[in-house]
Amino acid sequence: MKIRQAYTEDGYIIIVWQDTHLSDDKYPYVYLRDCCLCTTCFNHDSKQRMFLLNDLDVEVKANELQLEKEGECVSIEWSDGHRSTFESDWLRKRSFKSDEIHKRELLYGEEHVSWGKEFQSSIPTFNFQKVMTDDQELLDWLLSIDKFGLTVLTNVPCNDQQLPLLAGRVAYLKKNPFGETFTVISKAKPTNLAYTPVNLGFHTDQSYLGYPPEIQMLQCIKQAKVGGENLLADSFHAVKIIREKHPDVFQILTSVPIDSYATGNEKSVGMFHAAYRHPVVRMDAHDTIHSVFLNPGSRNVSTTTVPLEMIKPLYAAIKLLNTILNENMVKYKMAKGNRICQGFSLILGDMLAFNNNRVLHARVSYQLKEGEERHLEGGYFDWDEARSRIRVLRETLFGERYF
């Protein structure tokens, strides 16, 4: 990729490419001055900028441009007396055209593909042993969680040592009030409804934290013979339906925080009292859905900061969301089976891995006879670590570079 011509125009440097199939690119003066890659401005070992904002002139101008190495580089003399040199490939990869910006946005996560009932027959499924040994399979698994929010791992050894091993392939487990991992079995005095055999409604885990865990792993070690099915639903799909058909409800879900709390006494932290407020739906800077937080069991029953006039509308909003999520609602059977829920029982050796702040999960009640046990192991890791591993794998496997 070589440069045919470089010139200045109204605060921009215009790059004309030798490849006539490429349209011209333009770069703001201040952007290129700030991105100078000389050893005074940039540390190439840490890949971090050393040029200080204190020294940046936002009104900086390009006084002179020179093409070097037969168009492989452009050298710029700035009005502050500094000189920068940029390779043509570096400039091309940082084009401000919308399609190029979109490609770079994938650095921060895959495009989400929402799903409904039809996803039942196409849930991405991976072999645990292959994920543990094959970097391409590990990458594909992490990308599938990012894209679809839900995956299944098969052939998982049925013991409680596998979650730390799997998380270690990515980075590490996230600690939380219940420890690095948690065991889901019935307890006489439960600190969480998960430790009972009753029905569990659709929820995200730990919405009472300011930074809830993002990726959940749920491993089946022993399964109940009667009941205990896991139900999962893509809340992004449900919220899109609400946004289109019920904009007033969407406004409530994105703007009214719900009070959540949890208390307990766990070996990992001792006594704890966690409390936080989230709107049910959090949007990002592009006005797309970023995350969903909803845990009816942890909604605060004694304290609320929701204004009086918003109480009933808020209940109506979360009730509608729950209705859309719930597979048993007659409304969605009547609509030609267009339900959003999925239902299946984990069998021995299976593990679910899903985006906790997107895919809501529920559970059918179960029954145990004397001597029987239902035993699941759970743990979490976060997107910062997962996406870091994705970038490293892409660089290792395909030579992708981000600097």
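The side chains of R33 and D80 form a salt bridge, with an N to O distance of 2.8 Å. By salt bridge I mean a side-chain nitrogen of Lys or Arg within 4 Å of a carboxyl oxygen of Asp or Glu. This pair links distant parts of the chain, 47 residues apart: R33 is in helix α1 (residues 29-34), and D80 is in the loop between β7 (73-78) and β8 (83-87). Helices (H or I, at least four residues) and strands (E, at least two) are DSSP runs, numbered from the N terminus.

Before going on, a word on the model. It is predicted, so local features need pLDDT of at least 70 and side-chain atom pairs count only at pLDDT 80 or more, while totals for chains, interfaces and linings use all residues. Residues are numbered from 1 along each chain as its sequence is written, and side-chain values use heavy atoms, with hydrogens and water left out.

Buried means under 20% relative accessible area, exposed means over 50%, and partly exposed is in between, with a 1.4 Å probe and protein chains only.

How many salt bridges does this rule give? The count comes to 16. Another one joins K97 and D25, at 2.6 Å from N to O. K97 sits in the loop between α2 (88-93) and α3 (98-105), and D25 sits in strand β3 (residues 25-28), 72 residues apart, so this pair also links distant parts of the chain. D25 is buried, with 2% relative accessible area, and K97 is partly exposed at 21%.

E100 and K103 form a salt bridge too, at 3.4 Å, N to O. They are three residues apart in helix α3, which means about one helical turn lies between them. E100 counts as buried at 12% relative accessibility, while K103 counts as exposed at 52%. Through shared partners, salt bridges join D25, R92, K97, E100 and K103 into one network.

Next, helix packing. The axes of helix α8 (residues 247-255) and helix α9 (residues 311-325) come within 9 Å and cross at roughly 100 degrees. Axes here are lines fitted to C-alpha atoms, for helices over the stretch in contact, and angles run from 0 to 180 degrees between N-to-C directions. The two helices are therefore roughly perpendicular. Angles of 65 to 115 degrees get that label; under 35 is roughly parallel, over 145 roughly antiparallel, and the rest oblique.

Which residues of α8 meet α9? V249, I252 and L253 do, against P313, L314, A317, I318 and L320 of α9. Contact means heavy atoms within 4.5 Å. By class, this contact has eight nonpolar, no polar and no charged residues. Ala, Val, Leu, Ile, Met, Phe, Trp, Tyr, Cys and Pro count as nonpolar, Asp, Glu, Lys and Arg as charged, and the others, Gly among them, as polar.

Helix α7 (residues 235-245) also packs with α9, at about 125 degrees and with the axes 10 Å apart. This pair is therefore oblique. From α7 the contact uses S235, A238, V239, I241 and I242, and from α9 it uses L320, L321, I324 and L325. These residues divide into eight nonpolar, one polar and no charged.

Last, a backbone detail. D10 is not a glycine, yet has a positive phi of about 50 degrees. D10 lies in the loop between β1 (3-9) and β2 (12-17), and is exposed at 73% relative accessible area.
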